[in-house]
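Welcome! Have the sequence and the 3D view ready, and work through the exercises below one at a time.

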Amino acid sequence: MVFTLDRSSAFQARVYDQLQHDPIVWLTTVSPNGQPQPSPVWFMWDGADKIIIYTKPDRPKVRNIKANPKVAIHFDSLARGEMIAIFTGPIEISDHYPAVNELPGYAEKYHSLFVQLGTDADQMAAEYTTTLVFTMEALRGY
Amino acid sequence: MFKLDPSNAFQARVADRLTKEIVGWLTTVGADGIPQPSLVWFLWDGGDKIQIYSQDNQKVRNVNRNAGVSFNFDGDGKGGDMIVLTGTAVIDSSSPSAAENAPYVEKYASGIKSVSGDPTGFAAAYRIPIVMTITRLRGH
């Protein structure tokens, strides 16, 4: 069964909004010795149950995912910790998605951050060549 | 032993957040290998230990099985102010209860009041002391 957000729930409607507009999520992978490793990442939601993340191929998170594809994705908490949202599910290294500079919506979403960092989607595509695709299975939070 | 260097600007900021922040993300790993982040109250000892009090729940079972944990703060929402501490955690029965831990009771006085009424009630519910030992810091 495909995970679907229920926007009639106030909690899930907020998560829907964060998935569309937040620039950062925390991706937590687990190393082969059982150590969780959170990292903040840029992401693109497909509007359904997938979150697409581009990374450099030599990162520890890529090695961790090859050994254990089970990950968590959470947003920063809001309102002094009174609002949180945590997804869990599998993530895979995929070659079925376009490069970051060709993914619809990505350059627009990160336009102001690209400008701030003095870079753009084309430069990012040269280095962030590994595509990670997360599939939502469960959502916890309030 | 892990020790923050206050002459380093980043590490001074880490010390400041460890002192002042109300909540942090403790991530444990489930038996199924799925990482489980949860937002927790905590007390830093100024050195390499973070004290947490938990209800008897999944994170306690996870720590008993796999001591590897991480602790991170919220960032600035744009990928900056990233602070990730990794290390090991134990259920530490030698810790004082939450009610007997004066700096903890002081830090969370208003929260304890709203969650449980008083420190004794809080300590009865959040009766499992978890102590994380920090071994590594990542961030910027």
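A residue counts as buried if 20 or more other C-beta atoms lie within 10 Å of its own, as exposed if 12 or fewer do, and as partly exposed in between, with C-beta atoms placed from the backbone. This is a predicted model, in which local features need pLDDT of at least 70 and side-chain atom pairs count only at pLDDT 80 or more, while totals for chains, interfaces and linings use all residues. Residues are numbered from 1 along each chain as its sequence is written, and chains are lettered from A and ligands numbered from 1 in the order in which they are written.

**Exercise 1. Describe the overall build of chain A.**

Step 1: Start with burial. Of the 142 residues in chain A, buried residues make up 35%.

Step 2: List the elements. Helices (H or I, at least four residues) and strands (E, at least two) are DSSP runs, numbered from the N terminus. Chain A has five helices and eight strands, and their order along the sequence is α-β-β-β-β-α-β-β-α-α-α-β-β.

**Exercise 2. Follow strand S2 of chain A.**

Step 1: Find the partner. Two strands pair if DSSP finds at least two bridges between them. Strand S1 (residues 24-30) of chain A pairs with S2(A) in the antiparallel sense over seven bridges; A:Ile24, for one, has A:Trp42 as its bridge partner.

Step 2: Look at the turn. Five residues lie between the strands of this hairpin, where A:Gly34 takes a positive phi near 90°.

Step 3: Check the surroundings. Seven of the seven residues of S2(A) (residues 36-42) are buried, so the strand is largely enclosed by the rest of the structure. A:Pro36, A:Pro38, A:Pro40 and A:Trp42 point one way, and A:Gln37, A:Ser39 and A:Val41 point the other way.

**Exercise 3. Which strands stand at the edges of the sheet in chain B?**

Step 1: Write the order. The open sheet of seven strands in chain B runs S2-S1-S5-S6-S7-S4-S3, with antiparallel pairing.

Step 2: Read off the ends. Strands S2 (35-41) and S3 (43-44) of chain B stand at the edges with a single partner strand each, so one side of each is left without a neighbour in the sheet.

Step 3: S3(B) pairs with strand S4 (residues 49-54) of chain B in the antiparallel sense over two bridges, and B:Leu43 has B:Gln51 as its bridge partner in S4(B).

**Exercise 4. Examine where the chains touch.**

Step 1: Two residues are in contact if their C-beta atoms, placed from the backbone, lie within 7 Å. The contact takes 25 residues from chain A and 24 residues from chain B.

Step 2: S1, S2, strand S5 (70-74) and strand S6 (85-94) of chain A each supply at least two residues of the side of chain A that touches chain B.
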